[in-house]
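User: I'm new to this one, could you walk me through it?
Analyst: Gladly, here it is.

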Amino acid sequence: RASSNMTGSTIAVEVAYAEPQKQVLVEVSLPAGATVADAIEASGIQAEFTRVAFDELEAGVWGRVVSRDTPLRDRDRVELYRPLEIDPKAARRQLAARGQTMKDSRT
């Protein structure tokens with residue numbers, strides 16, 4: 001296996017984005033040294049979700065928010081995070097006021 005710091009080597013990266021009705025996971029091959037922004041652009045996800053302003057979404061790698069100029073490593077997963085529609089604590093309070101729990105509300 002080629003080292004990721006050799007000239008001409010590539011890395012495989014997944015890019016993930018989810019909405020309530022649709023989830024997308026795209027694997028892309030990028031040159032070593034590619035960034036989060038490079039992976040998002042190469043994924044083509046923007047074409048599938050034309051109403052989403054991807055430049056305004058937070059991005060992360062394996063659940064940790066990072067800047068778009070963060071370099072990636074082989075087998076990283078880039079995740080795009082939608083803003084929360086409601087604060088989780090507020091949602092729990094609303095459910096509790098109705099006598100429900102988070103688990104009850106999913107069924």
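User: Is Arg-75 buried or exposed?
Analyst: Arg-75 is exposed, with a relative accessible area of 53%, where exposed means over 50%, buried under 20% and partly exposed in between, with a 1.4 Å probe and protein chains only. This is a predicted model, in which local features need pLDDT of at least 70, side-chain atom pairs count only at pLDDT 80 or more, and totals for chains, interfaces and linings use all residues. Residues are numbered from 1 along each chain as its sequence is written, and side-chain values use heavy atoms, leaving out hydrogens and water.

User: Where is Arg-75?
Analyst: Arg-75 sits in the loop between S4 and S5, and its phi is positive, near 75 degrees, in a residue other than glycine. Strands here are DSSP runs of E with at least two residues, and helices are runs of H or I with at least four, numbered from the N terminus.

User: And what about Trp-62, where is that?
Analyst: Trp-62 is found in the loop between S3 and S4; it has a positive phi of about 50 degrees, although it is not a glycine, and it counts as partly exposed at 47% relative accessibility.

User: Switching topic, what is the strand order in the sheet?
Analyst: The open sheet has 5 strands in the order S2-S1-S5-S3-S4, with mixed pairing, and two strands pair if DSSP finds at least two bridges between them. The edge strands, S2 (22-31) and S4 (64-66), each pair on one side only.

User: How many bridges link S3 and S4?
Analyst: Strand S3 (residues 58-61) pairs with S4 over 3 bridges in the antiparallel sense, and Ala-59 has Val-66 in S4 as its bridge partner.
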